[in-house]
Amino acid sequence: MKFTCNSKALSEACSNVMRAVSTKVTIPTIEGILIECGSDTLSLTGYDFEFGINTTLEANVAEPGAIVINAKVISDIIRKLPDGNVTFDISGTSVSIISGAAQYNIMGIDADDYPELPSVSGGYPLFLNESVLQGMISQTLFAVADHTGLKFEMTLNQLKLIGVDGYRLAIRTETVQYDGEDISFIVPKKTIRELIKLMGCDGEKNVSISVGKRHIVFDVENYSIISRLLDGDFLDYNAAIPKTATTTVLINTDDAIDCIERTLPVIENDKKNPIRCLFDNDEMRVSTVSSLGRVVDYTHA
């Protein structure tokens, strides 16, 4: 196996892929990155049995093959190389890395020992603009407790994201192009966080979402994120939403946020002092009291 590629592109790919590499399970194979060469492409994969990231980049391949290299070792080496090309020459599990005058010789692991990523087939994929998905996630993920997940509900031409942590409930609905069957599933919070990191800043490209019985795949540009879906029942959030309301308030969002944030300097984080909101005469009056002091503020409603 032998290939040459751009060191900067490879370094970026390694940094992203290694976020899916296991740091808790001491199995040498899944502590590594799977590097595979085709005819003219290079594929990198990190996978910890529950969450995986795969990406491809251009390479000049002299001899196809596959090898697993410890993720930290390969990332540290590539990150320190100068800009330009780097060549990998692998014989068995012996790996030679050459860039300019620098040459490294390290040991890899047989690729046959690397676990196979789950496949997601069938179903109806959903294509969603990056900026739309980013907005939906930012407005719901804050309400998701750690070690739980964000619920997706896909119905005819509609996507709904629901986050809940026992104290807060956030729901965001968006009209999308989807004509598959009605499905719902829960994506781990960790997966959503990694998805955000891989989505571009411009938000102009599309994200492809493919769902299977136990796994989901997000395709973002040249990256694929595959994740196990969470089992178990999700809170019946509809039952938590009051069917009727005795008071309805229409208020400018930015004004309300600014008013509430002005109470933060006197709130003790460990005490979680409550904020009182009083609505009267077209005003929202906000106040809180703690051992640090007292604040009263208001804005028009």
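## Aromatic cluster

Phe152, Phe185 and Phe218 make up one aromatic cluster in this predicted model. Rings of Phe, Tyr and Trp (its six-membered ring) count as a pair if their centres lie within 6.5 Å; planes under 30 degrees apart are stacked, over 60 edge-to-face, and the rest tilted. The count by this rule is four aromatic pairs. One of them, Phe152 with Phe185, is stacked, at 5.2 Å centre to centre and 15° between the planes.

This pair joins distant parts of the chain, 33 residues apart: Phe152 lies in strand β11 (residues 149-155) and Phe185 in strand β14 (residues 183-188). Both Phe152 and Phe185 are buried (under 20% relative accessible area, 1.4 Å probe, protein chains only).

## Largest pocket

The volume of the largest pocket is about 610 Å³. Its lining has 21 residues, and Lys24, Asp48, Glu50, His147 and Lys190 are the closest to the pocket centre. A pocket here is an open set of points on a 1 Å grid over the protein atoms alone, where a 1.4 Å probe fits, with protein on both sides within 12 Å along at least five of seven lines; lining residues have an atom within 4 Å of a point. The volume is the space filled by probe spheres set on the points, which are joined across faces, edges and corners.

By residue class, the lining divides into 10 charged, six polar and five nonpolar residues; Asp, Glu, Lys and Arg count as charged, Ala, Val, Leu, Ile, Met, Phe, Trp, Tyr, Cys and Pro as nonpolar, and the others, Gly among them, as polar. α4 (189-198) and β17 (223-228) each give at least two lining residues, and the largest share, five residues, comes from α4. Helices (H or I, at least four residues) and strands (E, at least two) are DSSP runs numbered from the N terminus.

## Basis

Residues are numbered from 1 along each chain as its sequence is written, and side-chain values use heavy atoms, without hydrogens and water. Local features need pLDDT of at least 70 and side-chain atom pairs count only at pLDDT 80 or more, while totals for chains, interfaces and linings use all residues.

How values were computed. Buried < 20%, exposed > 50% of the residue type's maximum accessible area, 1.4 Å probe, protein only.
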